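Subject: Structure handover

Hello,

Here is the structure I promised to pass on. Please open it first, then read my notes below.

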Amino acid sequence: MAVRIGELLLKEQRITPAQLEEALELQKSNGGKLGYNFVKLGFVQDGEIASLLSKQYGVPSIDLSQFDIDAGVIKLVPAATAQKYEIVPVSRAGATLTIAMSDPTNVFAVDDITFMTGYRVEPVVASQTAIVAALDRYYPSAAGAEGQDTSESQLELANKALEEMPQLGDDDVEVLDEMEDVDVLTLEQQGGEAPVVRLVNVVLASAIQKGASDIHIEPYEKEYRIRYRIDGTLYNVMVPPLKFRDAITSRLKIMAKLDIAEKRLPQDGRIKLRLSSDGGTQEIDFRVSCLPTLFGEKIVMRLLDQSKLMLDMTKLGFEPDSLSKLKAAIDRPWGLVLVTGPTGSGKTNTLYSAIAQINTPATNIMTAEDPVEFNITGVNQVQMRENIGLNFAAALRSFLRQDPNVILVGEIRDFETAEIAVKAALTGHLVLSTLHTNDAPSTVNRLMNMGIEPFLVASAVNLICAQRLVRRVCTNCSEEQPTPPPALEEIGFSPAEADTVVPCKGVGCDQCNDTGYKGRIGLYEVMEINDEINEMVLLGASTLELRRKAIDLGMLTLRASGLRKVAAGHTSIEEVLKETVK
């Protein structure tokens, strides 16, 4: 049980320490639960055990001996399941099935019976002695089968019966599949009153209200914690009792339509939630990733809010020159446009904004994504499924037979995908994709390291955009933070700029949860692949040489983009230093 019945009985002064020792000795020799052994020894009555458990769990108790359970209710739960979990179905009212159990915290029993019956399960407490007696009464054949070893006479009768049975051929036996499709959404509604369900709903709703981008639910040996990532930084928000670990995990896996029985392998799923607030409703998608760790399964959920998707390129934080270069690149009829940066740097938002810019009825746009984060009207979006062989390379090959104008590839991960993307870009298609590199110039060498020939890179790539996200200074509590000019020059400002720039920093207020920051803005390094850069690529120039040339031609580096935003008061020096190098 989740609680120690012996300690509870001692605390309530229902037994003595000597009686506890005697019951523990009996349990060691005969097995069974401790409460059952207390009743067997005559130290406590059945009703006392049930009453104590009811008080501990906050669940009503029931005296099964006073009930005459309907046969139709008994049939709802198979004998094997009832015996396995030591539960007895008591009654059914509408969509609610009441079951008696000695341990109402057994979430696996509740989940199994919920899936099996399709009813909302309401547990009540009964003592183990009463449950065993009820099982013997209502499931007599199962009790006999799981009771003592079969006697010799029973074996003889069984053998005789087998001999008298008619011989059956292979064609005489048909295996029927009795599994039913279970509507998980219906089960969620039916289970809406359970404490764990309410806890999970509070966690999800609170994350939406606080503007979190991710929820981390992490089990450790002696702690269970929940963290939100808000504006790129993780914050502790809750430490639920460790005993809720399995219940919370099972609830989330049911909501995400994952296999709750599989605890050894990573799983990915999706939850769609409708939240009513301020007189309106909003639909939020949660991308769920479940990963087995040393002390349980860690769950990370990425919040995908369609209403917060920024598709206006002018509001993403691009400098005017960088934005005009990007717009020119995506307006070209063919070529490869790459957006690079680490996970969570806003690459998807930039690509979706680019697609929104060129999404017209005259354009056929195909996307291959893993996963599809947001639905865009007028765009043909394909979800990757590695387990059946539908990867980026396979999708790209199929796209080329779908008469596309624009192709978006979620990520170039390997040579095969890179090769097809480059060939598509060279044969009259505009291809947009992402790569994981540190800056724009290093992307060229990354492609060549993947196996793409320099002349193909030079011919295919139109533009490379590297980006990072930094936190915005809260406009409500922003204050000037005068900084000595030598310190500003050291981080990259020119002497003339260092004399005039006054950085800002938020002091903390209610609107920004005393962090000094609210929202995020992008830093962008946009490198246009023009004739001069092309020639250097063909000659095998290093990343450093490409970088110097691009800066000479007017490219703003990530650091330079950040310094401009510091000068404009959009972000702080600390944020820029954290995300960029000089």
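A residue counts as buried when its relative accessible area is under 20%.

**A buried strand**

Take strand β10, residues 335-340. Six of its six residues are buried, so the rest of the structure largely encloses this strand. Both faces of β10 are covered. Gly335, Val337 and Val339 are buried on one side. Leu336, Leu338 and Thr340 are buried on the other.

**The sheet around it**

β10 belongs to an open sheet of seven strands. The order is β12-β11-β13-β14-β10-β15-β18, and the pairing is mixed. The edges are β12 (380-383) and β18 (517-528). Each has a single partner strand, so one side of each lacks a neighbour in the sheet. From one strand to the next, the twist averages 20°.

Now the partners of β10. Strand β14 (residues 430-435) pairs with β10 in the parallel sense, over six bridges. In that pair, Val339 stands opposite Thr434. β15 also runs parallel to β10, joined by five bridges. There, Leu336 has Val461 as its bridge partner.

Elsewhere in this sheet, look at strand β11 (residues 365-369) and strand β13 (residues 406-409). They pair in the parallel sense over four bridges. Thr367 has Leu408 in β13 as its bridge partner.

Asn462 deserves a look. It lies in strand β15, residues 461-473. Is Asn462 buried or exposed? Its relative accessibility is 4%, so Asn462 counts as buried. Setting aside residues up to four places away in sequence, Asn462 touches several others, among them Trp334, Gly335, Leu336 and Val337 from one stretch, plus Leu430, Glu528 and Ile529. Val337 is 125 residues away from Asn462 in sequence, yet the C-alpha to C-alpha distance is 5.6 Å. Arg332 is also a contact of Asn462. The side chains of Asn462 and Arg332 are joined by a polar contact of 3.4 Å.

**A three-stranded sheet**

There is also an open sheet of three strands, in the order β1-β2-β3, with mixed pairing. β1 (87-93) and β3 (120-125) stand at its edges. Each has a single partner strand, so one side of each is left without a neighbour in the sheet. Neighbouring strands here are turned by 30° against each other on average, direction ignored.

β1 pairs with strand β2 (residues 96-101) in the antiparallel sense, over six bridges. Ser91 has Thr98 in β2 as its bridge partner. Helix α8 (residues 128-138) packs on this sheet and touches β1 and β2. The direction of α8 makes about 75° with that of β1.

**Cysteines**

How many disulfides are there in the whole structure? A search finds zero. Two cysteines to note: Cys290 counts as buried, at 1% relative accessibility. Cys504 is buried too, with a relative accessible area of 13%.

The protein chain has an average pLDDT of 83, and 84% of the residues score at least 70. Over residues 143-193, the pLDDT is below 50. That stretch still has 28 contacts in the model beyond near neighbours in sequence. Where pLDDT is low, predicted coordinates should not be read in detail.

Best wishes

Technical notes. Residues numbered from 1 in each chain as written. Predicted model: local features only at pLDDT ≥ 70, side-chain atom pairs only at ≥ 80, totals over all residues. Heavy atoms only, no water. Helix = DSSP H or I, 4+ residues; strand = E, 2+ residues; numbered from the N terminus. Buried < 20%, exposed > 50% of the residue type's maximum accessible area, 1.4 Å probe, protein only. Contact = heavy atoms within 4.5 Å. Polar contact = N/O pair within 3.5 Å; in protein donor to acceptor, adjacent residues only side chain to side chain. Pairing = 2+ DSSP bridges. Axes fitted to C-alpha atoms, helices over the stretch in contact; angles between N-to-C directions. Disulfide = S-S within 2.5 Å. pLDDT = per-residue confidence, 0-100.
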